[in-house]
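Subject: Structure handover

Hi,

Here is the structure for you to look at. My notes follow below it.

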Amino acid sequence: QFVATDADGRYRVPGLPTGDYRIRFHPAPSTGLFAEFYDNAPDAAQATLVPLVVGETVENIDAVLAEGSLIRGTVTDNSGTPAVGVTVGAYSTTGASGASAMGQTSTKGDGSYDLLVRPGTYVVSFTPQQQTGLVGEFFSDSPDFAHAQRVTLTEGQTLTGVDASLATAGRISGTVISDDGTPVSGT
């Protein structure tokens, strides 16, 4: 079941049958807060189960949600037209296994985006939809991850100006024929 908190942050989930429950706290994106599971777990696999028996009320299943940081910018094509639907991703390079995706969003109709992340240092990528004919890149104008400019955010910080101007993709064309000069289709 889904319920909303009241003005004091309180909630009550009624009508549950006997069972073990994973409780997820999911704030609206506009709050700048991160979702979590009870008890301070980042995902369902690590959530603390809450046992419930019909007729009883389990209290004090509370959460203190972490405040995030916001990466904000605008993505256009090289003529300045807003690039809509571009996937903007933030990657951390501090993990033991190298780069890990830490968040993503898509650009809106005006090319702008807001990407909520935890405080840290990131590489930001811009991946356009294939049919747009634009070339993806990393911030700031880097064709590859290794040379991308890193951005660092502290808790609650909004970093603006993480923008991109995506180039129009080039094309390669030609004709495929067999040894006898017959056109080859479907290759």
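Is Pro 119 buried, partly exposed or exposed? Pro 119 counts as partly exposed because its relative accessibility is 39%. The classes are buried under 20% relative accessible area, exposed over 50% and partly exposed in between, with a 1.4 Å probe and protein chains only.

First, the ground rules. This is a predicted model, where local features need pLDDT of at least 70, side-chain atom pairs count only at pLDDT 80 or more, and totals for chains, interfaces and linings use all residues. Residues are numbered from 1 along each chain as its sequence is written, and side-chain values use heavy atoms, with hydrogens and water left out.

**Two residues**

Pro 119 sits in the loop between β8 and β9. Strands are DSSP runs (E, at least two residues), numbered from the N terminus. Ser 69 is 50 residues from Pro 119 in sequence, but their C-alpha atoms are 5.8 Å apart. Setting aside neighbours within four places in sequence, Pro 119 contacts Glu 67, Ser 69, Leu 153, Thr 154 and Glu 155. Contact means heavy atoms within 4.5 Å.

Thr 76 belongs to strand β5. Thr 76 counts as buried because its relative accessibility is 17%. Beyond neighbours within four places in sequence, its contacts are Thr 81, Pro 82, Ala 83, Ala 164, Ser 165 and Leu 166.

**Cores**

The largest nonpolar core has 19 residues. Such a core is a set of buried Ala, Val, Leu, Ile, Met, Phe, Trp, Tyr and Cys residues joined through side-chain atoms within 4.5 Å. Ile 71, Val 75, Tyr 113, Val 124, Phe 126, Val 151 and Val 162 touch the most other members. β5, β6 (87-95), β8, β9 (120-127), β11 (150-153) and β13 (164-166) each supply at least two residues of this core. Apart from it lies another core, of seven residues, including Ile 23, Tyr 38, Val 50 and Ile 61.

Ile 71 has contacts of its own to list. Not counting residues up to four places away in sequence, Ile 71 touches, among others, Ala 90, Tyr 113, Val 124, Val 151 and Val 162.

**Strand pairing**

β9 and β11 run antiparallel, joined by four bridges. Two strands pair if DSSP finds at least two bridges between them. Tyr 122 faces Val 151 in β11. β9 also pairs with β10 (residues 137-138), antiparallel, over two bridges. There, Ser 125 stands opposite Phe 138.

The largest pocket has a volume of about 1,200 Å³. Of its 36 lining residues, Val 3, Tyr 11, Arg 12, Val 13 and Ile 23 are closest to its centre. On a 1 Å grid over the protein atoms alone, a pocket is an open set of points where a 1.4 Å probe fits, with protein on both sides within 12 Å along at least five of seven lines; lining residues have an atom within 4 Å of a point. Points are joined across faces, edges and corners, and volume is the space filled by probe spheres set on them. β2 (24-25) and β4 (50-52) each give at least two residues to this lining.

The second largest pocket has a volume of about 550 Å³. Its lining has 29 residues, with Pro 29, Leu 33, Phe 34, Ala 35 and Leu 116 nearest the centre. β7 gives the largest share of that lining, four residues.

Best wishes
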